[in-house]
Amino acid sequence: MELLLSNLATGFSAAATAQNLMYCFIGVTLGTLIGVLPGIGPLATIAMLLPATYRMTDPTSALIMLAGIYYGAQYGGSTTAILVNLPGESSSVVTTLDGYQMARRGRAGPALAVAALGSFFAGTVATFLIAAFAPPLAELAFKFGPAEYFSLMVLGLIAAVVLAHGSVIKALAVVVLGLLLGMIGTDVNSGVARFSFDIPELSDGIEFVAVAMGMFGFAEIILNLEQRDKREVFTSKVSGLFPSAGELRSSVWPVLRGTTLGSFLGILPGGGAVLASFSAYALEKKISRTPERFGKGAIEGVAGPEAANNAGAQTSFIPMLTLGIPTTPVMALMVAAMMIHNIQPGPQVMTSNPTLFWGLIASMWVGNLFLVILNLPLIGIWIKLLTVPYRMLFPAILLFCCIGAYSINNNVFDVFMTIPFAILGYVFKKLDCEAAPLLLGFVLGKLMEEYLRRALTISRGDPTVFFTRPLSATLLALAAALLLLVLLPSFSRTREQAFQGD
Amino acid sequence: MHIKNQRDLWSGILFMGFGLAFVFFARDYTMGTAAKMGPAYFPTVLGGVLTVLGAVISINGIGRSGDSSETGVRIDPTGWRELLLILLAVVAFAATLPSMGIIVSIVILIWLSSPASHEFKVKDTLIATVVLLVLSYLVFVRGLELQFPFLPRFISS
């Protein structure tokens, strides 16, 4: 406990410098600003704003700003979900169910306030959880050899598959395709430029940002433009922000339950915010005495999922910070950002770079505080933004993405590279394939190959090494159990229900 | 033969295509052994796995002829206008940026992409152009000092 407090003290003194406070503030503001725009989620937002941190000299500030952008975008997405019924990202899909209905009944203000306060509470708890669980996990990570890392990645990818929407086998194929696309570029061991077809830019591999922007930015815009139905924005109806005493009372327990569930699910590989919000909604509906109110504007249906998705978003930092393994596409982007600043993510970050590690964690709480301040009084500004018609917004999103892609290497090649991925993202959507697992595979591809190679070199080609080492065997057994579970008919039915939200 | 799910059938074919392509192009590299993996080892294994997965997905998409569901799951029509205009706008932006500079390419991007919307209005697009040009100048050129050609080459040189 004492150690925890002294670690947090290190963190807060790093996060509370004028410079870092400013970057945190800029981050959450920019994140909210872009996240509020309909149809653009945290992933595209971070990818778009990543170049803004390239010129920053202090990696701590850069990561603090990126983390701020992340939960800022998440908050912004909730606002859009409540007011326009258009989720900016998949984790606010459930918020549209009851939040939008509340807005239609003129209770948009309380819905927004409960979402913000619930998220703040969840964020506070999650910050402490990270501080408490990160050191022991990092400790464990030092016991990991190449076989364990490989098995852990298998577990992470399988979890991502199980938790994706729709068909499991399709998601599995998407992950494998992601791994293969990650192979493109120079092989570190032999120096051979694989699958680069003599294009010099490809020998460095495909830029992650180009993949993310193509599949999540551009494909999403094209699909949004295809839908002609008009959405109603409830802007004039946001009058009072304060929830009634009754609304507050019925929100307390959902927030507590959502926080617990979300924090736990966020740590799981592949879990993150999406699963957290869906499960929290399902839970609230299940234990409610009046489940028929859900979908018609029940405040519990806003409070629970919103707390859960914020808690999950934050605890998903734990595996990335302690093991160096991203478990969600957003964390994959954070890893990319750390690499740009010459920090190799992994258990050693905590000891070799304590101010960065603890500063980032402390900044999460500071960022959440900023968000409450930013979202409640300034809600009017975000609403104004929502009244700008999409026909004027999407060229702006397109432009920011293009400039973002260009500025990775100051080369238009990365802009061209977004095109095949925009097409792939579009085709995936038409064919009911979830795109998110591809990104995870893409980032892990080369790492996985490297750990497999090392593990097999040590064992002299004996593949049983993955099953004879106890830690590795446990991880693989977990992965196998997950796959078996999802193939059971009773579970797959529940899973479908959870993703449908009712 | 009755096709139960067009989306499954075609996504399976897509995955098979990718899997086979990776296996095919990996032939150029050394395979190695498990103890000494060459650059072709992992991609070949994964490509094989992807091909098998694709085949299973496709077969799942083809139902038995006795299937009573009439039409099955079809693929939604492609919005060619939206798809092509957006992609064209991005390509044009990237193609013109090095020689024509950021101002010209922003204008091209906006005017090629905006008609992709069914609610396209010339006046709105004019406003968006002015706002985005000013914003880009302040944020990217002044604020972040990103490096790109500003004016067309024939003017600035």
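1. Leu4(A) belongs to helix 1 of chain A, which covers residues 2-15; helices here are DSSP runs of H or I with at least four residues, and strands are runs of E with at least two, numbered from the N terminus. This is a predicted model, in which local features need pLDDT of at least 70 and side-chain atom pairs count only at pLDDT 80 or more, while totals for chains, interfaces and linings use all residues. Residues are numbered from 1 along each chain as its sequence is written, and chains are lettered from A and ligands numbered from 1 in the order in which they are written.

2. Leu4(A) counts as partly exposed because it has 13 C-beta neighbours inside 10 Å; a residue is buried with 20 or more other C-beta atoms within 10 Å of its own, exposed with 12 or fewer, and partly exposed in between, the C-beta atoms being placed from the backbone. Apart from neighbours within four places in sequence, Leu4(A) is in contact with Ala131(A) and Ala132(A), where contact requires C-beta atoms, placed from the backbone, to lie within 7 Å. The C-alpha atoms of Leu4(A) and Ala131(A) are separated by 6.6 Å, although the two residues are 127 residues apart along the chain.

3. For chain A as a whole, the secondary structure comes to 23 helices and 2 strands, and buried residues make up 62% of its 502 residues. Of the contacts in chain A between residues at least 6 apart in sequence, 80% join residues at least 24 apart. The C-alpha trace of chain A spans about 70 × 55 × 50 Å along its principal axes.

4. Helix 18 of chain A, residues 390-409, is mostly covered, with 16 of its 20 residues buried. After helix 18 of chain A comes Asn410(A), whose phi is positive, near 50 degrees.

5. The contact between the chains takes 59 residues from chain B and 55 residues from chain A. On the side of chain B that touches chain A, the elements giving two or more residues are helix 1 (6-26), helix 2 (41-61), helix 3 (80-113) and helix 4 (122-143) of chain B, and helix 3 of chain B gives the most, with 15 residues.

6. Chain B is assigned domain 1 (2-63) and domain 2 (80-156), with bounds that come from an automatic or database domain assignment. The C-alpha centres of domain 1 of chain B and domain 2 of chain B lie 39 Å apart.

Technical notes:
Contact = placed C-beta atoms within 7 Å. Expected span 1.5 Å × (residues − 1).
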